[in-house]
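Biologist: I've got a fold on my screen and a few things I'd like to ask about it. Can you walk me through it?

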Amino acid sequence: MDLKIPTSIVRLFQTNCVPSPMDTQRISHLLAEQKLELSFIKEELDRARAEVSRLEAKHLGAMEIVQKLEALRSPVRRMPIEIMTKVFEQCVQDEESQEPDPLRAPLLLCQVCSAWRDLMFSLPCLWKTLKVGFPSTTPNWENVMQSKIMSMHVWISRAKALPISLTLQHPSNSPITWGALMSLDKEILTLGCRIEELSLKFSPLALSSLLTFTQSPLPHLRRLELHNSNPLPSHDNPSPLLLHDAPNLRSLSIAWGSLDTAQFSVPWGQLTQLSLQYDASPYWNSVHNDYLIALRECPNLKYCSIGIGMTILDIDTEMVVPVTLPNLESMKVRLFCQTLYTHQFFDALHAPKLHTFEFQNVSLAMGSFASQTEPLSFISRSAETLENLSFDTINISDVDMLSCLSQLHRLKHLRFLPGPLQLNHSLVDSLILSAAPQGTSICPRLESLSLKCSKRVCTDKVTELIESRCSASPKLAEFCLQIAAFDYGQDSRDKTIVELTERLNQCVEGGLQLHLMKAKPTG
């Protein structure tokens, strides 16, 4: 309908004028016509909307049929159960920890379809690992513990009769009530005959309440980890570890405030992996007895990680008996404080098959200690087999460091990150292959090199070092340089990084993995 509004009425649209009697009559007539028009339009819109709804429903139905038909042609339907099983196993292994999380495997895979869910539940190997975290605080520990234990039952029941790996941890911000601990202790005791790997991370008092399982047979236990989860110092300490029957134990990790292994009853001779105080908190001021006492009973040890702090009793140098670990391949040491015991320990230790040695200063003291040459004699005794060497926040003089490295002809990976007292070292210059006479090159087989230097490092020397190593055989595959600044002068590190990136571009194109970065302010 073509609407023709009189000019006299149109002129009134943008004004406050009152229509004349004749215009008022015309307005009433126009209103009646337009309301009738609106009713017609509304009916037409309703018909159109109904048609759209019908088409949308038809489209949705067609889409569902298309999806179902396409699903019938999916390669997954033709994939053998054996391959699907391997895929699911890989998905579970890729998870850092298996928690009852619907957004992570294996629970996530169970939500895809009923067939996948049935297959997942039929594979006990996917459910043999479980990690349970307890809240830091809660008003009702008994209810929380009951809920956690019920979820553990459901999960572990799917593992059928397979040995299980169990991780239980609590951040220890607030103590767990005794009743809740007893419920958990009873559950661990019940599962003891099936546990293959067990990790408990609780406060010292809670750990003491959860060690009842050690009194029962543990036929499948291969790895045991007992850690104090409280990062702050405490006078509390768990009771000594007494394992009465663990014939398959191969790995033991202990980290709590005061550690006296002399009071432990552990099958040391079975162990191939041992960690003592390595994961201790720097805030603990942890103490321990002479590690050599326990190591002397570990002839099969292959991997050892220890944290050196204060000793419970002063060690008489004349009473120290040399210890040889004939099968040791990897040794990692964290230094929590500078003591005479560190020197005594390394002087007494011998590892004829050592491949990897890492030495790290984690003391809260500013910077690092003035000189830390204690492990050099131990390293020299393993020169014929050592391939990986790492120093982190460790200060060693150029003379001592080069004397040590000159003996390591098999070394493939070197990591030297000194503390602030030793940043102006000469290692960059000394490791240049062309700078040494034929046959006297330091670490000629180096494949990976990581250094920390001051911002005064000479870019010419760094370039010469990398080019000489990249043209050698074997060639350097990876180089990492951290540039530190400990003065108040102009920070030129960004400029140095850009310059080195440009100058070493040809080596990068040849396959070198190059990492240039500014060191953290802490060192």
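Biologist: Leaving aside neighbours within four places in sequence, which residues is Phe345 in contact with?

Modeller: Keep in mind that this is a predicted model. I skip anything within four places of Phe345 in sequence and keep what still touches it. That leaves Tyr291, Leu292, Leu295, Ile306, Ile308 and Met331.

Biologist: And in the largest nonpolar core, which residues touch the most other members?

Modeller: That core has 124 residues. Its largest share, seven residues, comes from helix H7 (residues 141-157). There's also a second, separate core of five residues, with Ala255, Ala280, Trp284 and Val362 among them. Back in the largest one, the members touching the most others are Met331, Phe345 and Phe357.

Biologist: Is Gln277 buried or exposed?

Modeller: Gln277 sits in the loop between strand E7 (273-276) and strand E8 (287-288). Its phi is positive, about 65 degrees, although it isn't a glycine. Buried means under 20% relative accessible area. Gln277 has 0%, so it counts as buried.

Biologist: What is the phi of Thr393 near?

Modeller: Look in the loop between strand E15 (388-392) and helix H13 (398-405) for Thr393. This is a residue other than glycine with a positive phi, near 55 degrees.

Key
Residues are numbered from 1 along each chain as its sequence is written. This is a predicted model: local features need pLDDT of at least 70, side-chain atom pairs count only at pLDDT 80 or more; totals for chains, interfaces and linings use all residues. Side-chain values use heavy atoms; hydrogens and water are left out. A nonpolar core is a set of buried Ala, Val, Leu, Ile, Met, Phe, Trp, Tyr and Cys residues joined through side-chain atoms within 4.5 Å. Buried means under 20% relative accessible area, exposed over 50%, partly exposed in between (1.4 Å probe, protein chains only). Helices (H or I, at least four residues) and strands (E, at least two) are DSSP runs, numbered from the N terminus. Contact means heavy atoms within 4.5 Å.
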